Amino acid sequence: METEEERFPTLRQVLLLFVLLAQTCAEREGYTVAEETENGFFVANIAKDLGLEIKELSLRRARVIFNNKHLQLNLQTGDLQVNEKLDREELCGPTEPCVLQFQVLLEEPLEVYRFKLWVSDINDNSPVFPKVEMILKIMENALPGTVFPLKNAQDMDVGINNVQNYAIYPKSHFHVLTRNGSEGRKYPVLVLDRALDREEQPELRLTLTAVDGGAPPKSGTALVLIHVLDINDNAPEFVQPLYRVQILEDSPLGTLVVTVSARDLDMGINGEVFYSFFYGDEDITKTFALNELTGEIKIIKKLDFEKIVSYEVDVKASDGAGLSGKCTVIIQVLDINDNAPELTVASLTSSIPENSPETTIALFSVQDPDSGENGRVVCSIQEDVPFMLKPSVENFYKLVTEGPLDRENQAEYNISITVTDLGTPRLNTQHNITVLVSDVNDNAPAFTQTSYTLFVRENNSPALHIGSVSATDTDAGANAQVTYSLLPPRDPSLPLASLVSINADNGHLFALRALDFEALQAFEFLVGATDRGAPALSSQALVRVQVLDANDNSPFVLYPPQNGSAPCTELVPRAAEPGYLVSKVVAVDGDSGQNAWLSYQLLKATEPGLFGVWAHNGEVRTARLLSERDAAKHRLLLLVKDNGEPPRSASVTLHVLLVDGFSQPYLPLPEAAADAAQADPLTVYLVIALASVSSLFLFSVLAFIAVRLCRRSRAAWVGGCSVSEGHFPGHLVDFSGTRTLSQSYQYEVCLSGGSGTSEFKFLKSVASNHPESMNGVREQSNFVNG
């Protein structure tokens with residue numbers, strides 16, 4: 001029969017072979033990595049396993065999704081490598097096999113591959129007994145073959161690297177057997193080989209050794225102190241050998257889990273029962289407390305279903321004499337909804353151009369560590385945003401736009417993703433994403449008005465700011481920067497470039513030169529506004545510039561002419577009645593509006609009160625009956641004034657000769673000629689220039705009429721008189737817009753022939769197609785007030 005030492009190497013080899021076979025099978029379903037492997041250790045070539053070219057990993061933006069970030073993917077080689085040391089005991093604890101889930105994510109197009117990573121155990125932990133000294137009390141009448149349970153050693157390693165065998169030394173009375181527990185634990189039992197004799201040896205000191213199956217193996221020891229007692233022939237017995245209980249994971253500390261109960265038929269100290277945990281498992285002793293007198297098991301540490309689902313607790317009942325019994329308590333932890341869902345963003349696009357079609361904003365995964373309905377989740381976003389969620393592979397979701405976005409309507413969106421589980425009560429997690437909408441040049445500049453009317457007074461200074469146009473662009477950045485320009489005029493003859501200019505930056509308009517109302521009263525042009533986008537967008541508006549009149553022209557007297565030659569004398573019969581029309585002062589003004597409204601005033605007369613002038617039409621009439629005592633020659637100084645601000649004026653001198661009839665020859669008055677010579681030279685020149693052109697035509701007509709009517713004149717007259725309807729030249733009619741010469745007049749033209757020349761005698765208006773009065777000198781005239 002083989003000894004323990006001879007059988008141990010053979011058993012270890014069998015166990016090692018079993019582990020190697022298990023690892024080989026695991027590699028077919030995933031990848032296996034031994035714990036404590038150094039950083040950079042090659043695990044597998046992902047590109048080869050997925051059937052991809054290495055460059056596709058970068059193009060498709062491959063990445064490894066692993067909560068603890070223990071792995072990394074080399075996109076240059078496709079190798080999956082260890083990123084940091086793996087501690088199997090930390091990752092999985094006593095769970096075997098230690099399987100970790102990770103995913104390989106390919107974003108474009110989206111694909112997710114799930115892999116399993118087996119973390120294999122190495123023998124890096126030695127067996128450790130919960131106490132370095134165990135005390136057993138054994139009755140001296142114990143029969144050989146009696147079994148005494150001992151506390152097992154704990155080893156953080158698993159599988160073959162966990163505790164495999166126990167040994168005891170010396171072997172004078174006992175040997176040790178290794179038994180398998182319900183969860184694969186191995187615990188020692190002490191077997192009595194021969195009877196004890198308290199008188200011969202009341203106490204035994206044994207060394208218990210626990211050995212694991214690693215290569216090389218590791219071991220731990222504890223002292224077993226045996227006290228030999230007097231006879232106690234009944235051991236405690238539990239009411240039931242197995243207890244099963246359930247408890248919620250959120251149970252408060254101090255909650256009673258279960259009460260175990262054992263009986264002992266002995267009397268006295270041998271019948272007193274004391275309870276204790278049979279195994280010194282750290283998870284159990286730190287989580288539960290056992291009352292040694294009552295057998296009550298209570299919670300002393302918060303339970304967590306997500307970490308440990310159930311506990312197996314072995315309880316020992318010992319009497320006062322050292323006999324004991326054992327029962328097992330299975331504690332099942334019930335899950336409650338105490339974990340909110342978790343959201344992990346895999347990719348995020350924080351800015352998208354407006355007018356883009358359906359676009360993926362974010363790719364994220366959701367999970368809940370709870371179980372059942374507590375672990376099922378639903379995702380949602382608020383309803384007032386143009387986005388929607390689309391389920392993708394496994395537990396992934398896409399956040400996409402419903403359609404094109406408009407930055408001018410809203411430039412930023414705050415999206416709240418809510419993940420809610422279906423537990424009771426429901427728990428949720430919110431994740432906020434901010435999406436910025438970048439601008440596209442999709443809006444042309446818009447003028448504040450479709451047309452602008454600007455007013456500028458004539459004779460302005462050059463470079464005068466006459467107004468502004470303004471356009472706005474709802475885009476942003478360079479797409480909203482507006483530049484102004486003048487567009488080609490509709491009328492090619494309009495010299496727009498010499499009239500106005502525009503500031504390209506702010507739309508201010510300037511008059512480049514002084515404007516003259518009499519030459520240009522208004523003009524129109526188009527202004528363009530162009531943004532700086534690509535391509536640029538533009539719009540246009542109509543600008544009308546209205547030139548305002550200024551009182552920059554003085555009245556100009558057409559009649560009586562002031563040309564510096566012999567003055568024209570008006571003849572008035574002494575028999576004229578009051579209101580007799582002596583003459584009419586005709587004047588025009590180059591301005592418009594009230595600047596061209598003319599009024600007439602008699603400033604000075606030889607005999608005040610004899611003559612008067614109508615203020616609105618310039619007619620000079622007699623104010624009373626004439627008498628023989630009135631002087632024959634009169635000189636009237638009249639003022640013609642416009643209604644401008646300040647007003648401008650001109651003066652004119654009228655010579656009047658009183659005659660007893662029209663038989664007296666008319667001779668120029670020397671005083672009148674002298675006064676005419678003193679007239680303003682500038683006025684004289686202007687009158688000469690205007691009268692010379694008009695007189696050529698007038699004298700030709702008068703000469704023709706005088707020849708034909710000569711024989712009808714009276715004997716005392718040398719020349720002839722004729723009534724003819726005459727008009728001023730057409731360009732003088734309504735020159736100022738006031739219709740000063742808007743009516744036709746008949747004039748009596750008299751030619752003096754006594755001196756042998758055809759001298760213009762006088763000019764008077766008479767009523768058209770009406771006979772004269774009995775003396776031939778009363779006239780009626782029609783006039784329009786200026």
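Predicted model: local features only at pLDDT ≥ 70, side-chain atom pairs only at ≥ 80, totals over all residues.

**Entry 1: strands S46 and S47**

I began with S46 and strand S47 (residues 619–622), which run antiparallel and are joined by three bridges. Strands here are DSSP runs of E with at least two residues, helices are runs of H or I with at least four, and both are numbered from the N terminus. I call two strands paired if DSSP finds at least two bridges between them. Val613 sits opposite Val620 in S47.

Residues are numbered from 1 along each chain as its sequence is written, and side-chain values use heavy atoms, with hydrogens and water left out.

I then looked up the sheet around this pair. It is open, has three strands in the order S43-S47-S46, and its pairing is antiparallel. At the edges I find strand S43 (581–584) and strand S46 (611–613), each pairing on one side only. From one strand to the next the twist averages 20 degrees; axes are lines fitted to C-alpha atoms (for helices over the stretch in contact), and angles run from 0 to 180 degrees between N-to-C directions.

**Entry 2: the whole chain**

I stepped back for the totals. The protein chain has eight helices and 52 strands. Of its 786 residues, 41% are buried; buried means under 20% relative accessible area, exposed over 50%, and partly exposed in between (1.4 Å probe, protein chains only). For contacts with a separation of 6 or more, I get 67% between residues 24 or more positions apart, a contact being heavy atoms within 4.5 Å. The chain exposes about 40,700 Å², and carbon and sulfur atoms supply 53% of that. Areas come from the Shrake-Rupley method with a 1.4 Å probe, and for residues only the protein chains shown count as cover.

**Entry 3: the sheet with S25 and S27**

Next I traced an open sheet of four strands, ordered S25-S31-S30-S27, with mixed pairing. Strand S25 (351–353) and strand S27 (377–381) each have a single partner strand, so one side of each is left without a neighbour in the sheet. Neighbouring strands here are turned by 25 degrees against each other on average, direction ignored. S27 pairs with strand S30 (residues 412–421) in the antiparallel sense over five bridges, and Ser380 stands opposite Thr418 in S30.

**Entry 4: strand S5 and its partners**

Which way do the side chains of strand S5 (residues 79–82) point? Asp79 and Gln81 go one way, Leu80 and Val82 go the other, and all are buried. Strand S2 (residues 42–45) runs antiparallel to S5, with three bridges joining them, and Asn45 has Asp79 as its bridge partner. Strand S4 (residues 71–73) also pairs with S5 in the antiparallel sense over three bridges, with Leu73 opposite Leu80. S4 and S5 form a hairpin with five residues between them, and Gly78 in the turn has a positive phi of about 80 degrees.

**Entry 5: salt bridges**

I searched the whole structure and got 19 salt bridges, each a side-chain nitrogen of Lys or Arg within 4 Å of a carboxyl oxygen of Asp or Glu.

- Arg63 meets Glu107 at 2.7 Å, N to O. Arg63 is in strand S3 (residues 62–65) and Glu107 in the loop between strand S6 (99–106) and strand S7 (111–120), so the pair ties together parts 44 residues apart in sequence. Arg63 is partly exposed at 30% relative accessible area, whereas Glu107 is buried at 11%. Both belong to a salt-bridge network that links Arg61, Arg63, Glu107 and Glu108.
- Lys390 pairs with Glu358, the closest N and O atoms being 2.9 Å apart. Lys390 lies in strand S28 (residues 387–391) and Glu358 in the loop between S25 and S26, so parts 32 residues apart in sequence are tied together.
- Arg624 meets Glu607 at 2.7 Å, N to O.

**Entry 6: Pro357**

I found Pro357 in the loop between S25 and strand S26 (360–367). Pro357 and Gly403 are 46 residues apart in sequence, and 5.5 Å apart in space, C-alpha to C-alpha.
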